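My notes follow the model.

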Amino acid sequence: MDNQVVLTAFLLTLFAGLSTGIGSLIALIAKRTNTNFLSFALGLSAGVMIYVSFMEMLPKALEMLSESFGEKTANLYMLLALFGGIAFIALIDFLVPKSSNPHEMHGVEEMKKNKLRLKHTGIITALTIGIHNFPEGIATFMTAINSLEVAIPITVAIAIHNIPEGIAVAVPIYHATGSRKKAFWLSFSSGLAEPVGAIIAYLFLIRFWNPVLDALILAIIAGVMIYISLDELLPSAEKYGKHHLSIIGLVTGMVIMAVSLYLFI
């Protein structure tokens, strides 16, 4: 495996994870949350993930599996990997209490709640973000190893979806402690779970790299991204802003992904 490819994949994962710091800055600087922007951005992120999953990653996984197995067996393995990825990320969501889920809607206006409760909420949210972001780090890293042109828009999409998570941590910590510095650094650091996921993927997956594993990982990642889009991004986009803004963002994300993939044909 080319060291330059590995380094690039890790840097993309690091960027995606640490974008929680952008959400933190928004929470600490803005007087009000720009919900229309977040609604559009989350919809766009979902559009990118859904399109690339169905139009690029799953067909590619099926093609690679078909080279090693018969068509029917290849389809079976692809479907098992796809729904396995969905089940994996759904299990993580199931194990995290709804009250601590970092994908629940948060805004700058929430700085007026009870301080003790907010401090507890901020710390728990930071921990649960790590649990949620770990598989996203694996997904970003392994996608970049496989295809850089697909990984870049996915990285941007995940980075966008991490912005509300940064807000979710920074808002309660700032109000509870009165320290912008503590709020920013805790929020910023909570995104480190993604590069940690990349390191784990490198240590335990790269050494077993082969076309079949490559294809199965692509299908699993597609499942993870589809679930994140349908269960987290689109519902959050609806809560943050108007329905049509999130749909416009969704379609825009699909168009951007379609054009970028077309240019690489």
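I looked up the lining of the second largest pocket by class. I found 10 nonpolar, 2 polar and no charged residues. (Ala, Val, Leu, Ile, Met, Phe, Trp, Tyr, Cys and Pro count as nonpolar, Asp, Glu, Lys and Arg as charged, and the others, Gly among them, as polar.) Residues lining this pocket include G84, G85, F88 and P135. About 160 Å³ of space lies in it. (On a 1 Å grid over the protein atoms alone, a pocket is an open set with protein on both sides within 12 Å along at least five of seven lines; a cavity is a set of points where a 1.4 Å probe fits but cannot get out; lining residues have an atom within 4 Å of a point. A volume is the space filled by probe spheres set on the points, joined across faces, edges and corners.)

I noted that the model is predicted, with pLDDT of at least 70 needed for local features and 80 or more for side-chain atom pairs, while totals for chains, interfaces and linings use all residues. Residues are numbered from 1 along each chain, and side-chain values use heavy atoms, without hydrogens and water.

Next I checked cavities. I found 2 cavities of 30 Å³ or more. E56, K60 and N146 are among them.

Last, I looked at two helices (DSSP runs of H or I, at least four residues, numbered from the N terminus). The axes of α2 (residues 20-29) and α6 (residues 148-177) come within 6 Å and cross at roughly 50°. (Axes are lines fitted to C-alpha atoms over the stretch in contact; angles run from 0 to 180 degrees between N-to-C directions.
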